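Hi,

Here is the structure I promised to hand over. Have a look at it first, and then read on for what turned up.

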Amino acid sequence: MTVLPTSLVGSYAQPDWLIDRSKLAGRFPPRVRAKELWRVDPEFLEQAQDDATLLAIRAQERAGLDVLTDGEMRRESYSNHFATALDGVDVDNPGTALDRSGHPNPVPRIAGEIRRTRPIERRDVEFLRANTDRTIKITVPGPFTMSQQAQNDFYPDDEAAAMAYAAAVNAEVRDLFDAGADVVQIDEPYMQARPEPARQYGLAALNAALDGVTGTTAVHICFGYAAIIHERPEGYSFLPELAGSPVDQISIETAQSGLDLGVLRDLTDKTIILGVIDLSDPSVESADTVAARVRRAFDYLPPEQVVIATDCGMKYLPREAAEGKMRAMAEAAAILRAELG
Ligand code: MET
């Protein structure tokens with residue numbers, strides 16, 4: 001693998017013919033199913049999602065990205081696709097939980113033992129593997145985040161629920177590597193939103209999800225989609241804690257927040273998936289701007305430990321903006337590689 005590989009955090013802009021982006025915008029990502037968002041009849045939906053995935057793959061290849069995702073084209077949200085496929089959760093009689101901005105949201109209601117009875121994203125990895133020769137990454141929601149996006153009516157406490165989710169994620173992660181994934185990324189945005197419980201049991205749940213896994217793993221921690229959560233705090237409320245986790249790569253956002261990268265001093269054993277693309281603004285950064293954002297990390301980490309990435313997912317971006325921003329990443333990588341010789 002080349003130095004300074006470029007990658008998405010996961011999602012790419014979904015086509016308007018596939019999903020009603022006007023209904024997606026401005027609302028919190030759905031926790032239960034939101035089938036009404038799809039513009040294609042159920043009979044043809046998988047075919048349409050496959051075609052949209054091919055489009056996302058080719059767009060990433062054309063832009064020159066090194067690590068490709070499926071663009072999360074098949075998902076209404078980054079987490080509901082997996083979370084609603086588990087046994088033990090009732091999505092027809094949902095519960096309520098506060099989202100990270102404090103709004104009550106319909107969420108899966110844990111009504112029995114959480115069990116993953118079948119692989120959920122295995123076909124997604126197989127499809128990606130069959131359609132590109134580049135390195136591939138797939139994302140899966142983390143056990144802590146899922147525990148915060150659920151109403152627990154079954155387990156004695158939320159920690160027990162998080163550990164049950166961890167077992168489901170662990171089985172899935174193993175299957176995703178078996179299906180050909182090069183990198184599996186666990187999305188844990190709620191660790192930033194809820195640092196106290198994240199410390200109490202979230203980290204243990206993440207580590208349990210990684211238990212015995214041998215492939216390259218990543219965890220993504222962010223401030224929330226720029227299209228939904230507008231403010232960026234000074235810094236992360238939960239991050240150095242990950243130093244002790246067996247995860248290989250940590251995905252953080254630094255562009256929109258202008259994050260003080262001193263936090264990387266605590267994470268020198270990790271590869272950092274460095275968010276250097278601001279998703280709050282559809283205008284495309286120049287390659288020089290992106291390169292300058294990456295250079296900031298070299299005060300703390302050797303280039304060998306940096307992956308060039310977006311702050312969070314590109315789900316809510318217009319497609320032209322997404323394409324331009326991907327090209328800016330690839331061009332920035334080329335500038336930096338030339339500098340490094
Ligand atoms: N993998 C997800 C995405 O790219 C991460 C979302 S965290 C709010 O959309």
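**What turned up around β7**

Lys137 has Val183 in β7 as its bridge partner. Before going further, two words on the ground rules. This is a predicted model, in which local features need pLDDT of at least 70 and side-chain atom pairs count only at pLDDT 80 or more, while totals for chains, interfaces and linings use all residues. Numbering starts from 1 along each chain, following its sequence as written.

A strand here is a DSSP run of E with at least two residues, a helix is a run of H or I with at least four residues, and both are numbered from the N terminus. Two strands pair if DSSP finds at least two bridges between them.

Back to β7. Strand β5 (residues 135-141) is joined to β7 by five bridges, and these two strands run parallel. Strand β7 itself (residues 183-187) also pairs with β8, again over five bridges in the parallel sense. Val183 stands opposite Thr216 in β8, and Val184 has Thr217 of β8 as its bridge partner.

How many residues of β7 are buried? Five of the five are, so β7 is largely enclosed by the rest of the structure. By "buried" I mean that 20 or more other C-beta atoms lie within 10 Å of the residue's own; 12 or fewer makes it exposed, anything in between partly exposed, and the C-beta atoms are placed from the backbone. Val183, Gln185 and Asp187 point one way from β7, Val184 and Ile186 point the other way, and all are buried.

Strand β8 (residues 216-220) is mostly covered, with four of its five residues buried. From β8, three bridges lead on to strand β9 (residues 249-253), which runs parallel to β8. His220 stands opposite Ser251 in β9.

**The sheet with β4**

There is also an open sheet of three strands, in the order β3-β4-β6 and with mixed pairing. Both β3 (87-98) and β6 (151-152) stand at the edges with a single partner strand each, so one side of each is left without a neighbour in the sheet. Strand β4 (residues 104-115) and β6 run parallel and are joined by two bridges. Ile110 is the residue opposite Asn152 in β6.

Helix α6 (residues 158-178) lies across β4 and β6, at about 70° to β4. That angle runs from 0 to 180 degrees between N-to-C directions, with axes as lines fitted to C-alpha atoms, for helices over the stretch in contact. Contact means that the C-beta atoms of two residues, placed from the backbone, lie within 7 Å.

Arg116 sits in the loop between β4 and α4 (122-131). Is Arg116 buried or exposed? Arg116 is buried, as 20 other C-beta atoms lie within 10 Å. Not counting residues up to four places away in sequence, Arg116 touches Leu86, Ala168, Ala171 and Glu172.

**The ligand shell**

The ligand is surrounded by 15 residues, and the closest are Gly10, Ser11, Tyr78, Thr139 and Gly313. The shell divides into six nonpolar, six polar and three charged residues. Ala, Val, Leu, Ile, Met, Phe, Trp, Tyr, Cys and Pro count as nonpolar, Asp, Glu, Lys and Arg as charged, and the others, Gly among them, as polar.

In helix α9 (residues 287-295), the buried residues are Val290, Ala291, Arg293 and Val294. They cover an arc of only 160° around the axis, which puts them on the same side of α9; the arc is that of the directions from the helix axis to the C-beta atoms. These buried residues pack against β10 (271-275), β11 (306-309) and α10 (319-340).

Tyr300 is in the loop between α9 and β11. Tyr300 counts as partly exposed, with 17 C-beta neighbours inside 10 Å. Leaving aside neighbours within four places in sequence, Tyr300 is in contact with Leu261, Leu264 and Arg265.

Leu4 is not a glycine, yet has a positive phi of about 55°. Leu4 lies in the segment before β1 (6-7) and is buried, with 23 other C-beta atoms within 10 Å. Glu72, also not a glycine, has a positive phi of about 55°. Glu72 is in the loop between β2 (67-68) and α3 (80-83), and counts as buried with 26 C-beta neighbours inside 10 Å.

Cheers

Key. Near = placed C-beta within 6 Å.
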